[in-house]
Amino acid sequence: MTDMPPAILPPERFQQRLLAWFDEHGRHDLPWQHERSPYRVWVSEIMLQQTQVATVIPYFERFMTRFPDVASLAAADQDEVLHLWTGLGYYARGRNLHKAARVVADQHDGAFPVHSLDEMAALPGIGRSTAGAIIAQSTGRRAVILDGNVKRVLTRLHTVEGWPGRPAVERRLWALAEHYTPDERLVDFTQAMMDLGATLCRRGTPDCARCPFEEVCVAHARGEEKLFPEGKPRKALPTRTTVMLLLQDREGRVLLEQRPSSGLWGGLWSLPQFDDVEALQGWLDVQAPGSQLQPAWTPFTHVFSHFRLEITPQPARIGRLDAVDEARCWYDPSDPASIGLAAPVKALLASLAPFALTTTAGP
């Protein structure tokens with residue numbers, strides 16, 4: 001506990017204030033709260049990483065309808081999983097969800113290892129905080145969490161300096177989280193900590209007047225709520241460019257290819273990509289002789305966490321193409337298949353009129 005900053009309250013008083021606020025103002029009717037099985041809590045926690053509750057709810061409900069348990073998810077094809085994930089972003093979460101389901105099915109007899117924090121944290125896509133949330137929320141056993149909402153609350157309450165992603169800063173926050181976590185009402189306490197960060201101690205506009213810790217929050221006393229937590233040191237985002245081939249056949253279908261399982265848009269279906277139009281034309285000359293390029297569409301930018309991708313859509317009509325291999329498929333925009341699509345590709349396909357390319361269209 002040597003890394004822990006001075007606590008603002010004894011643990012018992014902190015817990016009493018938080019739980020009293022939660023009983024009156026917390027969120028009690030989220031779909032994954034009824035029932036709170038390890039599977040349902042796990043899916044919700046993965047979906048909620050870097051995504052707001054309002055966005056997650058319809059995805060969660062569709063996911064549960066199709067995959068009501070870990071066995072059905074483990075038995076599914078990755079394409080179907082990613083199709084249901086399309087639009088949530090951060091697609092590594094969806095791939096890891098599928099991988100973890102298969103590990104649970106194959107190595108844990110279909111039951112999540114909620115008896116062990118280490119075994120839970122070892123599952124693909126599950127770290128220490130997510131493992132703690134699953135255990136606490138689904139079993140009521142004591143487990144500590146430190147997601148983004150909790151980091152923000154603790155950082156402001158104690159004016160913990162430094163970017164929370166730095167190991168030394170994160171150690172201080174884990175010590176605080178451990179200090180305040182009770183032995184009872186773990187389901188409510190962990191939900192309350194997340195709710196406080198999500199609904200009151202928000203990133204840009206904290207609602208301090210309604211916070212149960214208003215008079216003891218150090219950042220609030222200083223008028224420095226918006227200075228905490230410190231942001232990640234910024235680097236200028238580099239810009240990359242790519243040309244996406246919109247190759248349509250006579251029936252209006254578009255050629256797609258599946259991305260490698262790792263890397264950008266891993267496992268998703270995308271339009272063929274090229275460094276420039278010359279490379280694209282060279283590919284067409286070999287793979288689809290006689291194809292005719294149409295006027296390129298207006299470029300647009302898709303922003304990732306670590307770079308910006310400038311995309312130029314390049315439509316073309318096909319002359320002839322031999323049978324496609326298993327890594328490619330013909331996609332009918334008027335009768336879309338249930339496959340996982342990269343977000344900008346989905347937008348481009350949606351802009352196509354059935355059975356024809358329009359040269360003025362765009363994402």
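How do the residues lining the largest cavity divide into nonpolar, polar and charged? Notes below, with the answer in point 3.

1. Ground rules. Bear in mind that this is a predicted model, where local features need pLDDT of at least 70, side-chain atom pairs count only at pLDDT 80 or more, and totals for chains, interfaces and linings use all residues. Residues are numbered from 1 along each chain as its sequence is written, and side-chain values use heavy atoms, with hydrogens and water left out.

2. Searching the whole structure turns up two cavities of 30 Å³ or more. A cavity here is a set of points, on a 1 Å grid over the protein atoms alone, where a 1.4 Å probe fits but cannot get out; a pocket is an open set with protein on both sides within 12 Å along at least five of seven lines; and lining residues have an atom within 4 Å of a point. Grid points are joined across faces, edges and corners, and the volume is the space filled by probe spheres set on the points.

3. The largest cavity. Its volume is about 130 Å³. There are 14 lining residues, with Arg156, Cys201, Cys208, Cys211 and Cys217 nearest the centre. Helix H9 (148–158) and helix H11 (186–200) are the elements giving two or more residues to this lining, and H9 has the largest share, three residues. Helices (H or I, at least four residues) and strands (E, at least two) are DSSP runs, numbered from the N terminus. As for the opening question, the lining divides into nine nonpolar, one polar and four charged residues. In that scheme Ala, Val, Leu, Ile, Met, Phe, Trp, Tyr, Cys and Pro are nonpolar, Asp, Glu, Lys and Arg are charged, and the others, Gly among them, are polar.

4. The second largest cavity. This one holds about 70 Å³ of space. Its lining includes Val150, Leu154, Tyr180, Phe189 and Met193. H9, helix H10 (167–180) and H11 each supply at least two lining residues, with H11 giving the most, three. By class the lining has nine nonpolar, two polar and no charged residues.

5. An open site. The second largest pocket has about 460 Å³ of space. Of its 20 lining residues, Gly89, Tyr90, Tyr91, Trp265 and Phe304 are the closest to the centre. Helix H6 (92–107) and strand S6 (300–303) are the elements that give two or more residues here. The classes come out at 10 nonpolar, nine polar and one charged.

6. The whole structure has 14 salt bridges (a side-chain nitrogen of Lys or Arg within 4 Å of a carboxyl oxygen of Asp or Glu). In one of them, Arg17 pairs with Glu215, with the closest N and O atoms 2.5 Å apart. Arg17 lies in helix H1 (residues 11–25) and Glu215 in the loop between H11 and helix H12 (218–222), so the bridge ties together parts 198 residues apart in sequence. Asp195 also bridges to Arg27, at 2.9 Å between the closest N and O atoms. Asp195 is in helix H11 and Arg27 in the loop between H1 and helix H2 (38–48), so this pair joins parts 168 residues apart in sequence.

7. Asp195 is buried, at 0% relative accessibility, while Arg27 is partly exposed at 22%. Glu215 is exposed at 55%; Arg17 is partly exposed at 21%. The cut-offs are under 20% relative accessible area for buried, over 50% for exposed and partly exposed in between (1.4 Å probe, protein chains only).
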